[in-house]
Amino acid sequence: MFFKRRPKSPAELSDEELLVRYRRQGDVADLGALYERHMPAVFAICRRYLRPDEDAQDAVMQLFEKLVVTLRQHEVSNFSAWLHTTARNHCLMQLRARQRAGPESGPLVLHFPDAAAVESAPAAHLGDEADDLALTEERLQAMEHALAELPDGQRRCLELFYLQKKCYREIADETGFDLGLVKSHLQNGKRNLKRSLESSANAAR
């Protein structure tokens, strides 16, 4: 007697196997399992570009809806890398659309305040002392590159402070750095980041 082999559950399959099966059978449960594996990374990417968090969450859902169609039509060899790029491009398109919509859609700015003025306050409550840099698509790409070039400590502190809106104490607790080192990384990272962005802007002229 021959027994019919039980189909593997989504959790038992690799990314590549899930993609193949989804393209062949179109079962959204396979795509859902695949996306669930990568959702934390996708949300983290979206939070780097979109605020408030509700906008980032909306972007995550919009991406999933797009994948339902896209992954039936296109073969993807490295899903993780492809999804990272797709999420980033989706966020840039959202920002571009907001810019076209005009000022009523909300400002797209990244704040670089004087670190001494915000020792205990999250970056979300900055005020008029901030030096605002408009986040155009080109600046976003330059910002991502410049952050990647920073020393690990500076990059980590800047991401926590400016992108995740954490205060000095929260950064110290999360990284294990003492407060003095957190301040140093933020001040040096801010200076190096602005220098890199200015260099990129000059090179583009």
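**Cores and a helix pair in a predicted model**

Trainee: Which residues have the most contacts inside the largest nonpolar core?

Mentor: In this predicted model, the largest nonpolar core has 26 residues, and those with the most contacts inside it are Y35, V42, C46, L71 and F79. The elements that give two or more residues to this core are helix 1 (15-25), helix 2, helix 3 and helix 4 (79-101).

Trainee: And what does Y35 touch?

Mentor: Leaving aside residues up to four places away in sequence, Y35 touches V42, V60, L63, F64, L67 and L83.

Trainee: What does the second core include?

Mentor: The second core is separate and has 17 residues, among them A146, L147, L186 and L193.

Trainee: Back to helix 2 and helix 3: at what angle do the axes cross?

Mentor: The axes of helix 2 (residues 28-49) and helix 3 (residues 53-73) cross at roughly 145° and come within 10 Å, and the crossing of helix 2 past helix 3 is right-handed.

Trainee: Which residues in helix 2 meet helix 3?

Mentor: From helix 2 they include Y35, M39, V42, F43 and C46, and the residues they meet in helix 3 include V60, L63, F64, L67 and L71. Taken as a whole, the residues of this contact divide into 15 nonpolar, two polar and two charged.

Trainee: New topic: what pattern does the protein follow along the sequence?

Mentor: The protein has eight helices and two strands, arranged along the sequence as α-α-α-α-β-β-α-α-α-α.

Trainee: How many of the residues are buried, as a percentage?

Mentor: Buried residues make up 36% of the 205 residues, while the accessible surface comes to about 12,100 Å², with 51% of that belonging to carbon and sulfur atoms.

Conventions. Residues are numbered from 1 along each chain as its sequence is written. This is a predicted model: local features need pLDDT of at least 70, side-chain atom pairs count only at pLDDT 80 or more; totals for chains, interfaces and linings use all residues. Side-chain values use heavy atoms; hydrogens and water are left out. Axes are lines fitted to C-alpha atoms, for helices over the stretch in contact, and angles run from 0 to 180 degrees between N-to-C directions. Helices (H or I, at least four residues) and strands (E, at least two) are DSSP runs, numbered from the N terminus. A crossing is left-handed if the near helix is turned anticlockwise from the far one by less than a right angle, and right-handed if clockwise. Contact means heavy atoms within 4.5 Å. Ala, Val, Leu, Ile, Met, Phe, Trp, Tyr, Cys and Pro count as nonpolar, Asp, Glu, Lys and Arg as charged, and the others, Gly among them, as polar. Buried means under 20% relative accessible area, exposed over 50%, partly exposed in between (1.4 Å probe, protein chains only). Accessible areas come from the Shrake-Rupley method with a 1.4 Å probe; for residues, only the protein chains shown count as cover. A nonpolar core is a set of buried Ala, Val, Leu, Ile, Met, Phe, Trp, Tyr and Cys residues joined through side-chain atoms within 4.5 Å.
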